[in-house]
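Take a look at the fold below. Then follow the chain from its overall make-up to a few local details.

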Amino acid sequence: MGLSDTVKKEKTSGSRVTIRIVLADDQNVVREAIKCLLEIEPDFEVVGETADGLSVVSLIERLKPEVLIVDVVMPGLYGLEITRQVRQNSPRTAVIVLSRYVNEWYVTEALRNGAAGYVVKQAEAHELTRAVRTVAQGRRYLSSPLSPEDVQTWLLQAERLSGDSYEALTGREREVLQLVAEGYSSTRIARRLSISVRTAEAHRANVMRKLRLKNYTALIKYALARGVLPPIEPLPPGFRALKRRRPMPQ
């Protein structure tokens, strides 16, 4: 468990059924705010939290919570792949994807990877608590402005599309893909995943071959298009980046 992970010992709740929750968000302020929001509810208990995408799956396997709330943008392993691995390894944990992206691709990918809920960060706070109770009961929850009819149409359209070469990657290769896209060298990838440098290089080569990518630039473009990296957004209108002043000649 990394320094950014925290685990809380389970409290006794008497006869009341407590929904145990793990939070995964790399922004500490956001995670603490969500935690405070949830723990106001008498039947909710946040039993663990992490800022590291690579630690989420093992944290879920150890704590076995009823619900995982995961941000779609996570370092090391992004939220949609975390969702897939959690559903594969810990099927009794319902996953809520928390995202600021309200578009067809992110929503359909989250649901296809096994998410039980999709809550946009622009939604009202009560929608998140409602989502937790809904998915804990085995039902799906979509926050506003998403509608079940639109999402069902998106899912049907996605099923008709041809297979993506990303599906051919193993779980470890997907981890390596994201770390390479984040700028990690083979040595740092090996250290991060506790594998040898040679193994890291082999995984990296397999990723490039399976995705038919020729160089790092092509890999970055693929990672952005596939959602492995968050989209690059333009500066808001009227916002000017500060220009670095040139040093005065001595």
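This is a predicted model: local features need pLDDT of at least 70, side-chain atom pairs count only at pLDDT 80 or more; totals for chains, interfaces and linings use all residues.

The protein chain has 10 helices and 7 strands. Of its 250 residues, 48% count as buried. Take the contacts in the chain with a separation of 6 or more: residues 24 or more positions apart account for 65% of them.

Start with a helix pair. Two packed helices are described by the angle between their axes and the distance between the axes. Here the pair is α2, residues 56-63, and α3, residues 79-89. Their axes come within 9 Å and cross at roughly 30°. Angles under 35 degrees count as roughly parallel, so α2 is roughly parallel to α3. The crossing of α2 past α3 is right-handed. From α2, the residues in the contact are V56, V57, I60 and E61. They meet I82, Q85, V86 and N89 of α3. The residues of this contact divide into 5 nonpolar, 2 polar and 1 charged.

Now turn to helix α8, which spans residues 186-193. Its buried residues include S186, I189, A190 and L193. Where do they sit around the axis of α8? They cover an arc of only 100°, so they lie on the same side of the helix. The general rule is that an α-helix has 3.6 residues a turn, so residues three or four places apart point the same way. Helices α7 (171-181) and α9 (197-211) are included in what covers the buried residues of α8. After α8 comes S194, with a positive phi near 55°.

Next, a residue in helix α7: E175. Is E175 buried or exposed? Its relative accessible area is 10%, and buried means under 20%, so E175 is buried. Leave aside neighbours within four places in sequence, and E175 is in contact with L54, G76, L77, Q85 and L193. Two of these names have come up already. Q85 belongs to the α3 side of the helix pair, and L193 is one of the buried residues of α8.

Finally, go to strand β5, residues 94-99, where L98 is found. L98 is buried as well, with a relative accessible area of 7%. Which residues does L98 touch, not counting those up to four places away in sequence? They are I34, I69, V70, D71, V72, V119 and K121. L98 and Y118 are 20 residues apart in sequence. In space, their C-alpha atoms are 6.1 Å apart.

Technical notes: Residues are numbered from 1 along each chain as its sequence is written. Side-chain values use heavy atoms; hydrogens and water are left out. Axes are lines fitted to C-alpha atoms, for helices over the stretch in contact, and angles run from 0 to 180 degrees between N-to-C directions. Helices (H or I, at least four residues) and strands (E, at least two) are DSSP runs, numbered from the N terminus. Angles under 35 degrees count as roughly parallel, over 145 as roughly antiparallel, 65 to 115 as roughly perpendicular and the rest as oblique. A crossing is left-handed if the near helix is turned anticlockwise from the far one by less than a right angle, and right-handed if clockwise. Contact means heavy atoms within 4.5 Å. Ala, Val, Leu, Ile, Met, Phe, Trp, Tyr, Cys and Pro count as nonpolar, Asp, Glu, Lys and Arg as charged, and the others, Gly among them, as polar. Buried means under 20% relative accessible area, exposed over 50%, partly exposed in between (1.4 Å probe, protein chains only). The arc is that of the directions from the helix axis to the C-beta atoms.
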